[in-house]
Amino acid sequence: MRKDIVLSGVGGQGILTIATIIGEAATAEGINLKQAEVHGMSQRGGDVQSNLRLSDEVIYSDLIGGGEADMIISMEPMEALRYLPYLQEEGWVITASSPFKNIPNYPEEVALEEELNKLPRVVTLDIEEMAKENSMPKCANVILLGMAAKYIEIVSPEQLRESIGRVFAAKGEKIVEMNKKAFDIGFNAVKNW
């Protein structure tokens with residue numbers, strides 16, 4: 001089994017944390033992993049993108065070619081659309097619906113929504129609002145991971161949830177539990193999708 005994932009967003013949104021959680025879960029299960037990160041101007045709200053390749057066979061390249069990604073997981077709708085050329089025909093887009101307007105000519109939200117709705121396999125939710133409603137504003141990225149969990153397949157939602165515990169362990173039990181709750185919120189929101 002193989003899973004090629006493009007993770008995208010804007011600096012400071014937690015894309016690399018999502019990659020770390022997935023990667024840690026894969027490593028714990030003995031799954032081969034290659035990752036390539038492009039940080040851009042991430043310190044200043046620029047785009048951040050990571051290629052994450054998981055396989056039970058040897059992986060020779062850490063880059064995902066055009067039309068080869070099984071999934072795009074994005075913290076930002078415009079960034080999800082930016083990486084569509086990498087998505088295979090049967091691929092999934094899992095994205096936040098709320099924009100992070102970091103450029104002056106940011107497209108109209110309605111236009112972004114229309115483009116996303118044209119895709120055959122897309123899951124989009126307002127993760128920022130979900131995080132605020134649950135008093136966990138810094139956990140929107142883990143809500144997004146929960147949304148993507150059932151589509152990742154090469155590692156199970158349970159394995160991802162366990163990985164959250166290991167990745168956040170140094171920050172204390174309260175942070176671990178808050179992130180596990182965030183994961184569950186995202187997972188349960190798309191359970192019947």
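Is F183 buried or exposed, and at what relative accessibility?

Modeller: The model is a predicted one. In it, F183 has a relative accessibility of 2%, so this residue counts as buried; the cut-off for that class is under 20%.

With ring centres required to lie within 6.5 Å, the count is three aromatic pairs. One of them joins Y83 and Y86: the ring centres are 6.1 Å apart and the planes meet at 45 degrees, so this pair is tilted. The two tyrosines fall into separate accessibility classes: Y83, at 10%, counts as buried, whereas Y86, at 33%, counts as partly exposed. Another pair is F183 with F187. Their ring centres are 6.4 Å apart and their planes are at 5 degrees, so these rings are stacked; the limit for stacking is under 30 degrees. Both phenylalanines sit in helix α7, which spans residues 173-189. The spacing between F183 and F187 is four residues, about one turn of the helix.

Burial is also found in strand β1, residues 2-10, where eight of the nine residues are buried. β1 has strand partners too. With β3 (residues 47-55) it runs antiparallel, joined by nine bridges, and V10 has D47 as its bridge partner there. With β4 (residues 69-74) the pairing of β1 is parallel, over four bridges, and I5 stands opposite M71 of β4.

Conventions: Residues are numbered from 1 along each chain as its sequence is written. This is a predicted model: local features need pLDDT of at least 70, side-chain atom pairs count only at pLDDT 80 or more; totals for chains, interfaces and linings use all residues. Side-chain values use heavy atoms; hydrogens and water are left out. Rings of Phe, Tyr and Trp (its six-membered ring) pair if their centres lie within 6.5 Å; planes under 30 degrees apart count as stacked, over 60 as edge-to-face and the rest as tilted. Buried means under 20% relative accessible area, exposed over 50%, partly exposed in between (1.4 Å probe, protein chains only). Helices (H or I, at least four residues) and strands (E, at least two) are DSSP runs, numbered from the N terminus. Two strands pair if DSSP finds at least two bridges between them.
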